[in-house]
Every structure is written in structure tokens, then in C-alpha cells.
Amino acid sequence: MADWFQIRADLRATLMAIGSLPTQFAPENRKFDPVNGDPFVEEAMIPVQERPAATGTIEQQGIYQVTLVYPVQSGTKVPEDIIDDILAAFPPASSHGATVRVDRSERGRAFFDGPYYRLPVSIRWRAYSTY
């Protein structure tokens, strides 16, 4: 089976190369306290499906969820421009690392969460491995 740690690392490498991202980064399942209420980026891996693709091959599909988190009342222009940069970095049929291929990327519905305004982007990927 594909190595989830490596898939995340390959996708994260592409994400972190985007120069317009906020400097604060909240990796999944790590304690994170934003500094001074500044904007930050969150990531999460969401499994979707795993199935045999051919004899000796497994296909895994998932979503790399990237969320821009901005203080309420800070406007939408800057994070929406960053979302455009994220979508440009993960176009359909793009490869990331040795095994990860993006099917599509799409922005989600923004929502309020306490003092923050959250703007999610879903990057739908697939990876193949042998067994």
C-alpha cells in the first residue's frame, strides 16, 4: 500500500513552495497556538477509497484538505488570492512526488469559527502502489 506519510510529504512540499501562504502552519495532529491572531494554514489528510486497481496494484484516493484561517474582519481579498495560488499549484492531472497524482482541486465554502474566518481548499488525489 502507498505510504500515507510520503503522500502527505509530497503534497505538503508543493503547498509549502507557494510563496503567498501565511507563514504560520498548523500540521495535522500537532499542538498549534497561532501567534498574535495572525493568519495561518491548516492541513488534513482525508481517506476516501482504497481498492485493487489491477493484479498486484492498489489504488488509494483521498483529499488533502488545506484551510486558510484568517481573523474575522480582515477581509477576503488576500486569502482568495492565495486560494488561486493553491489551485494553480495543484492543477488536474499534476504529479507530486513519485506516486501522487491530483484529480482536481476546488475551493470550499468559507465559514466562521469563533474569531476566525476559514477558507477550505480540497485537493483530490490518487496514488498507486504494488503489493
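Predicted model: local features only at pLDDT ≥ 70, side-chain atom pairs only at ≥ 80, totals over all residues.
1. Where does S105 lie? You'll find S105 in strand 5. Its relative accessibility is 19%, and buried means under 20%, so S105 counts as buried. Setting aside neighbours within four places in sequence, the residues in contact with S105 are L87, F90, S122 and I123.

2. Now go to strand 3 and find E59. Is E59 buried or exposed? E59 has a relative accessibility of 1%, so it counts as buried.

3. Which side chains make polar contacts with the side chain of E59? One is the side chain of Q61, at 3.1 Å. Another is the side chain of Y128, and that polar contact is 2.7 Å. Have a look around E59 as well: beyond its neighbours within four places in sequence, E59 is in contact with Q49, E50, R51, A53, R126, A127 and Y128. So Y128 shows up both as a contact of E59 and as a polar partner of its side chain, while E59 itself counts as buried.

4. Next, the largest nonpolar core. It has 24 residues, and L15, L68 and I86 touch the most other members. Helix 1, strand 2 (40–54), strand 3 (57–71), helix 2 (77–89), strand 5 (100–107) and strand 7 (116–130) each give two or more residues to this core. Which of the elements gives the most? That would be strand 7, with 6 residues.

5. Not counting residues up to four places away in sequence, I86 touches L15, I18, L21, V66, L68, V121 and I123.

6. Last, the largest pocket, which holds about 150 Å³ of space. Its lining is made up of F5, R8, A9, R12, P27, E28, N29, R30 and E43. By type, that gives 5 charged residues, 3 nonpolar and 1 polar. Which element supplies the largest share of the lining? Helix 1 (residues 4–16) does, with 4 residues. Helix 1 also gives two or more residues to the core from point 5.

Notes: Residues numbered from 1 in each chain as written. Heavy atoms only, no water. 1 Å grid on protein atoms, 1.4 Å probe; cavity = no way out; pocket = protein on both sides within 12 Å on 5 of 7 lines; lining within 4 Å. Points joined across faces, edges and corners; volume = space filled by probe spheres on them. Nonpolar A, V, L, I, M, F, W, Y, C, P; charged D, E, K, R; others polar. Core = buried A, V, L, I, M, F, W, Y, C linked by side-chain atoms within 4.5 Å. Buried < 20%, exposed > 50% of the residue type's maximum accessible area, 1.4 Å probe, protein only. Contact = heavy atoms within 4.5 Å. Polar contact = N/O pair within 3.5 Å; in protein donor to acceptor, adjacent residues only side chain to side chain.
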